[in-house]
Amino acid sequence: MKIPRSTLEQWQVLQAIIECGGYAQAAEALHRSQSSVSYMVAKLQEQLGVELLEIDGRRARLTRNGEALLSKARELLGDAFQLEQLAGSLAEGWEPQVSIAVDSLFPVELLVQVLRDFEPWAKHTRVNLEETVLSGSEDALLEKRVDIAIVSRIPSGFLGDALMDIEFVAVAHPCHPLHALGRELEVDDLSRNLHIVVRDSGTLNPRDHGWLNSNQRWSVTSPHTRLEMICNGIGFGWLAEHKIRKQLEQGLLKPLPLRVGQRRKLALSLVVANPELAGPATCRLANLIRKVVVDGIQVRPLCE
């Protein structure tokens, strides 16, 4: 195995000479003698066979070769410091990875706010985000794929905290035949029209929440695709109200005048898979989710 002739310490000394303006200033910044600083740079040049510095008056400046090499060395020094910070984080118990499953009904603006607040705390923790539909988050918990889950139903064997209620409203395009009836709608009216639903991403205990017992039903895997279909006059469906505010305002969607059942409600909960064993990163992320939701769904702008 080859061993580098130069050391990170030598490159750090060279960087200090350039940033501080000279040998004496670098020695003071590094708490070394000027002779040791001079020796380390001379040794580095000897090992590489390349002149790195030249004297310009009282200042030392890089040669062209020195500029190219120090540029790469700065990257190595940065990586070395990050490696040490990672070791410190691991020593404090911070996990190298946190996995989270989030029900697609959870407001995306809140999810982004949570991750934005979490990022400064977790420079060395990877986040694995799984977006799910219906029982998908429950599967992730049961199969031990995630540390945290936002679910619409807490699976057996787990405890969770209530986060928020999601309200659904039955909608269709204003020109849809159901609106053309001009009266209150019954279940029979709906059963004779195309119902667009999102397929459960879970496989252990799949659910058909909100589906009508009708043969006129199309299933898609993406909530966004369903929204686009209904906005373009293909079928009807119960959609989360917070996801369609813009479409309602723009007149792309209109609530169906159902006699009963126009609105539905579903509760989302936060589940930490193993509360007793959860590390600092998992606890921090879970607490941020609670805080962002409790703060009144007020999303802070990036620049304040």
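Gly251 is partly exposed, at a relative accessible area of 36%; buried here means under 20%, exposed over 50%, and partly exposed in between, with a 1.4 Å probe and protein chains only. Gly251 sits in the loop between α10 (245-250) and β10 (254-255). Helices are DSSP runs of H or I with at least four residues, strands are runs of E with at least two, and both are numbered from the N terminus. From Gly251 to Cys231 there are 20 residues in sequence, and 9.3 Å in space, C-alpha to C-alpha.

A word on the source. This is a predicted model, in which local features need pLDDT of at least 70 and side-chain atom pairs count only at pLDDT 80 or more, while totals for chains, interfaces and linings use all residues. Residues are numbered from 1 along each chain as its sequence is written, and side-chain values use heavy atoms, with hydrogens and water left out.

Next, the overall layout. The chain is divided into domain 1 (8-92) and domain 2 (97-303), with bounds that come from an automatic or database domain assignment. The centres of the two domains, taken over C-alpha atoms, are 53 Å apart. Ala24 belongs to helix α2 (residues 23-30) and is partly exposed, at 38% relative accessibility.

Now helix α5, residues 108-118. Which of its residues are buried? They are Leu110, Leu111, Gln113, Val114, Asp117 and Phe118. These residues span an arc of only 160 degrees around the axis, so they lie on the same side of α5; the arc is that of the directions from the helix axis to the C-beta atoms. The elements that cover them include β3 (97-103), β4 (126-132), β6 (161-172) and α11 (280-294), where contact means heavy atoms within 4.5 Å.

On to the rings. How many aromatic pairs does the structure hold? The count is 1, using rings of Phe, Tyr and Trp (its six-membered ring) with centres within 6.5 Å; planes under 30 degrees apart are stacked, over 60 edge-to-face, and the rest tilted. The pair is Phe236 with Trp238: the ring centres are 6.1 Å apart and the planes are at 70 degrees, so it is edge-to-face. Phe236 is buried at 0% relative accessibility, and Trp238 is buried at 6%.

Trp238 also has a charge over its ring: the charged end of Arg264 is 3.6 Å from the ring centre. The criterion is NZ of Lys or CZ of Arg within 6 Å of the ring centre and within 35 degrees of the ring normal. Arg284 likewise lies over the face of Trp121, at 3.6 Å from the ring centre.

Two backbone angles to check. Leu134 is not a glycine, yet has a positive phi of about 55 degrees. Leu134 is in the loop between β4 and α6 (136-142) and is buried, at 12% relative accessibility. Lys144, also not a glycine, has a positive phi of about 60 degrees. Lys144 is in the loop between α6 and β5 (148-151) and is exposed, at 74%.

Last, the cysteines. The search of the whole structure gives 0 disulfides, a disulfide being a pair of cysteine sulfur atoms within 2.5 Å. Cys20 is partly exposed at 32% relative accessibility, and Cys283 is partly exposed at 33%.
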